[in-house]
Amino acid sequence: MFLLIILCQIIPAFGQSSESNYRGSWESENAVIIFSGDYFSYAEFNTDSKTFEGTSGGKWSYENGSFALFMEYNTYEKALAGQKVNKNLKYDKSKLFLDDIEFQRIDNGQPGKLEGAWLFSGRKRDGEIQTRDTDQPRKTMKILSGTRFQWIAYNVDTGEFSGTGGGTYTTENGKYTEHIDFFSRDNSRVGASLTFNYELIDGVWNHSGLNSRGEPLYEFWSLRE
């Protein structure tokens, strides 16, 4: 069931709740939700068939007992991009209940050294640094929990969606490794693993190595405020 439908009928929360309860990633059958800082993303996919079903996400907060969403992208219904909705969320220890769908906790934001919502902010090419304004409508965001990641390319003003991919990741000894569970543009990449160098310099994620086509890259990613 699509998040669009799920979030329209979220049921009341158990007892006391706070934003920290939701931090991390959650899964149900063929779906994963990531909450990282003030941002969230939902992706629906099937690793066995290598199919991508859809994604939605944006900014979120817990306000007066309800779950406030500001949709930045939604492949199920483009018109919802830019819209804010307030719904109730049910949380019970290691579980989330969205409508009649039960989500189990994957992680609580640990142990990922890169947990957060990051925006592509530039690259180094032929020794020259090219910066990108992260305030422009066209964005490439990479959202990470403790163990899960998803990147999304979209336009916040128009609701246009360009692509996404995601899966699990690890950070060890300066190496960042992605294990791909879904890829909207090319499902032949599902199951692949890519390893890059990573370094945090003045709060900026320096990401370098070879892309999936074997071409060198050096990217900069900045945390969203």
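Mentor: Rings of Phe, Tyr and Trp (its six-membered ring) pair if their centres lie within 6.5 Å, and planes under 30 degrees apart count as stacked, over 60 as edge-to-face and the rest as tilted. In this predicted model, local features need pLDDT of at least 70 and side-chain atom pairs count only at pLDDT 80 or more, while totals for chains, interfaces and linings use all residues. Residues are numbered from 1 along each chain as its sequence is written, and side-chain values use heavy atoms, with hydrogens and water left out.

Trainee: Which residues do ring pairs link into a cluster?

Mentor: The cluster is made of Trp-118, Phe-120, Tyr-169, Tyr-176, Trp-205 and Trp-221, linked by ring pairs. The structure holds 15 aromatic pairs; one of them joins Tyr-218 and Phe-220, with 5.4 Å centre to centre and 50 degrees between the planes, and is tilted.

Trainee: Is Phe-220 buried or exposed?

Mentor: Buried means under 20% relative accessible area, exposed over 50%, and partly exposed in between (1.4 Å probe, protein chains only). Phe-220 counts as buried because its relative accessibility is 12%, whereas Tyr-218, with a relative accessible area of 23%, is partly exposed. Of the 225 residues of the protein, 48% count as buried.

Trainee: Which charged end sits over the ring of Tyr-218?

Mentor: A charge sits over a ring if NZ of Lys or CZ of Arg is within 6 Å of the ring centre and within 35 degrees of the ring normal. Over the ring of Tyr-218 sits the charged end of Lys-124, 4.4 Å from the ring's centre. Lys-142 lies over the face of Trp-221, at 5.1 Å from the ring centre.

Trainee: How many salt bridges does the structure hold?

Mentor: A salt bridge is a side-chain nitrogen of Lys or Arg within 4 Å of a carboxyl oxygen of Asp or Glu, and the structure holds eight. In one of them the side chains of Arg-23 and Glu-115 meet at 2.7 Å, N to O. Arg-23 lies in the loop between α1 (3–6) and β1 (24–28), and Glu-115 in the loop between β9 (101–107) and β10 (116–125), so the pair ties together parts that are 92 residues apart in sequence. These elements are DSSP runs, numbered from the N terminus (helices H or I, at least four residues; strands E, at least two).

Mentor: Glu-160 and Lys-78 also meet in a salt bridge, at 2.3 Å, N to O. Glu-160 lies between β13 (148–155) and β14 (161–172), and Lys-78 between β5 (66–74) and β6 (84–87), both in loops, so this pair ties together parts that are 82 residues apart in sequence.

Trainee: Which residues touch the most other members of the largest nonpolar core?

Mentor: In soluble globular proteins, nonpolar side chains tend to be buried together. A nonpolar core is a set of buried Ala, Val, Leu, Ile, Met, Phe, Trp, Tyr and Cys residues joined through side-chain atoms within 4.5 Å. In the largest core, which has 18 residues, those touching the most other members are Tyr-22, Phe-35, Trp-60, Leu-96 and Phe-103. The elements that give two or more residues to this core are β2 (31–36), β3 (39–46), β4 (51–63), β5 and β8 (95–98). A second, separate core of 17 residues includes Leu-114, Phe-183, Leu-194 and Phe-196.
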